[in-house]
Amino acid sequence: MIQRGTRLHRSNDPVPPAAPVPLSFRQGDVLLVEVYEIPEEAEPEPRSGRIVLAEGEATGHAHAIHERDARTFTYEGERFLLTRSKAQLIHEEHDPIEVPQGSWRIVIQREYEPAPADRPQWRPVVD
Amino acid sequence: MDVHGFPPMQKTERAEAWVAAWRAVQASTARVDRDRAERAMVALYRERGLETPRFLWVSDPTDGLMAWHLASRGREPLRNPYTRGDTGTGGNRSLYQLHDPFGFDPAWVYRALRRAQELAPGGFRFDGTYTANGIAVWRWLTEQVGSNVHAERHAAREAGAAELERSAQTESLARLVIGDRWESLSALVGKELLVDVAVRAVLRSTEEILDTLGSQQEALRALTLPQFDQVTVAMGALPHVMGAALWRQLDERAERTAMVERRLELARSAGGFWAFDGLAVMLDRPTAAGFDERGRLHRDDGPALSYPDGSALWMNHGVEVPESIISDPGSITVEAIDGESNAEIRRVMIERFGPERLIREAGARLLDEDETGRLWARQFPSSRWRPSEPLVMVEVQNSTPEPDGSVRTYFLRVPPSIRNARAAVAWTFGLDRSGYEPVVET
């Protein structure tokens, strides 16, 4: 039910309504953000064994997916995950997450790093 | 044997007992029963259809490297029959035993572990910590021990050169190296120069044989520490915890159970090995091995793993850290914490330094706090060359607590323009404040 005073969107409104927040799952320093689709030109990554989304340097731990029908892709420096059925995202020190079927952008947490203007002002979180 | 496995309750108890037994194997520093270990090794050679090898025992990785260099002349190392080419350095290498000369058939392992996961008692996992321990030990061996040995050997060679130059036998050695032309050449350039040339030649060939860092790493990569092999522990758990029903093909059941048992026996009896055709170089157990309650390599007041040659792995709850963080926590400073680029090592430093002390001593000011974390800012004095940029960090916690109920806390640096904790956490994932709303977080 629409409350009184709620502003309804009309097609001639100058400002469109905010886009819905995409579905996302987070396990430690890895975030999976749902995307509408994986770009067609994305390059499939070769797969042998489990899929490793991120690996810890100091710990040897990994955020990984074992499901055989899952695939990863790269496009313009970003990685994408395609889950054709439910998949478990597992890590040695975090509870597992059940990732529904879908297309996901893989985001690795980053940290700010002051740098000259012509270089990126951040670097991935290394652990 | 019960075709449907054991009742769930009994399975949990068996799983716990299995984990405890395996942890005891990993933590053992008892003197190796060399006869028992050799019998275990012979059984594995036989399984591959190979002759009984000769055995050479060493007590630490340094001696092991020397033995490997000598043994690998004219002998082929045994390789995993299921893999080809480079086995890489990532986690999958350990998970699938790619490097292991006595590795199991990976397709079989994959099927068995998947099935075990389905049947495992709630929340119980066979991999995880064991994989991580194996990877940590392997990385340490290949990256640290190799370069330590290199530095040590370099120092030994310098000392050796000085000794050789002083030695009374040097001239006869030089005569031997130069041979027939000794007399004519010494008349031409003088004896001192010839001795010098000969000494250098001898040292150079010693270096070639023993000293290239590349081959140290090759040697350490070929080392297998069977007690840190997670596939063995997981495969061993199947018959011991789940019941032999997991071996689907009835006719192969006895043979496969025996294969796993042979690997377990080696893990229980030896500290490590290099396997060649006809020769096995065997390594004793470490002199110290420490673990936390979750089975991660850990020690608060010393190295988590060490050998008689002084090779030592320093770890805090499964995180490899520089030695001084554990041996001399008083040396940790605010500047050192700021300068550490690895977020996990930085976290350990802050834990040992004290988070409250860090905030107090660094003069941090709380900017914002919400359910995602706390945002802190520190102002540095401006330098002559540029206005100072405040250091803004967001303090975040792991959603999954440690077994003792504590929660790991991390400080991540964010751009100084951020004024809000949620916006800071969202920024670390490249999102804006409103786009960051994970439905599940662990």
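In this predicted model, B:R347 and B:E344 are joined by a salt bridge in which the closest N and O atoms lie 2.8 Å apart. Both residues belong to helix α15 of chain B, which spans residues 343-353, and they are separated by three residues, about one turn of the helix. Because buried residues are those under 20% relative accessible area, B:R347 falls in this class with a value of 2%, and B:E344 likewise counts as buried at 6%.

A further salt bridge is formed between B:E402 and B:R296, with 2.7 Å between the closest N and O atoms. This pair connects distant parts of the chain, the two residues being 106 residues apart: B:E402 is placed in the loop between β11 (391-397) and β12 (409-414) of chain B, whereas B:R296 lies in the loop between β4 (288-289) and β5 (305-306) of chain B. Both B:E402 and B:R296 are buried. The side chain of B:E402 also meets that of B:R408 in a salt bridge, with an N to O distance of 3.6 Å. B:R408 counts as buried at 5% relative accessibility, as does B:E402 at 10%. Through shared partners, salt bridges join A:E93, B:D292, B:R296, B:E344, B:R347, B:E351, B:E402 and B:R408 into one network. Over all chains, the structure holds 27 salt bridges.

Strands from chains A and B take part in an open sheet of seven strands with mixed pairing, arranged in the order β3(A)-β6(A)-β7(A)-β10(A)-β2(A)-β1(A)-β13(B). A:V33 stands opposite A:R105, the latter located in β10(A).

The loop between β2 (30-34) and β3 (43-44) of chain A contains A:E41. With a relative accessible area of 56%, A:E41 is exposed, and together with A:E37, A:E40 and A:E76 it contributes to a patch of negative charge on the surface.

Methods: Residues numbered from 1 in each chain as written. Chains lettered and ligands numbered in written order. Predicted model: local features only at pLDDT ≥ 70, side-chain atom pairs only at ≥ 80, totals over all residues. Heavy atoms only, no water. Patch = residues over 30% accessible without salt bridge, like charges linked within 9 Å, V, L, I, M, F, W, Y side chains within 5 Å. Areas by Shrake-Rupley, 256 points an atom, 1.4 Å probe, with all protein chains shown as cover. Salt bridge = Lys/Arg side-chain N within 4 Å of Asp/Glu carboxyl O. Lys, Arg positive; Asp, Glu negative; His and termini not counted. Charge placed at Lys NZ, Arg CZ, Asp CG, Glu CD. Helix = DSSP H or I, 4+ residues; strand = E, 2+ residues; numbered from the N terminus. Buried < 20%, exposed > 50% of the residue type's maximum accessible area, 1.4 Å probe, protein only. Pairing = 2+ DSSP bridges.
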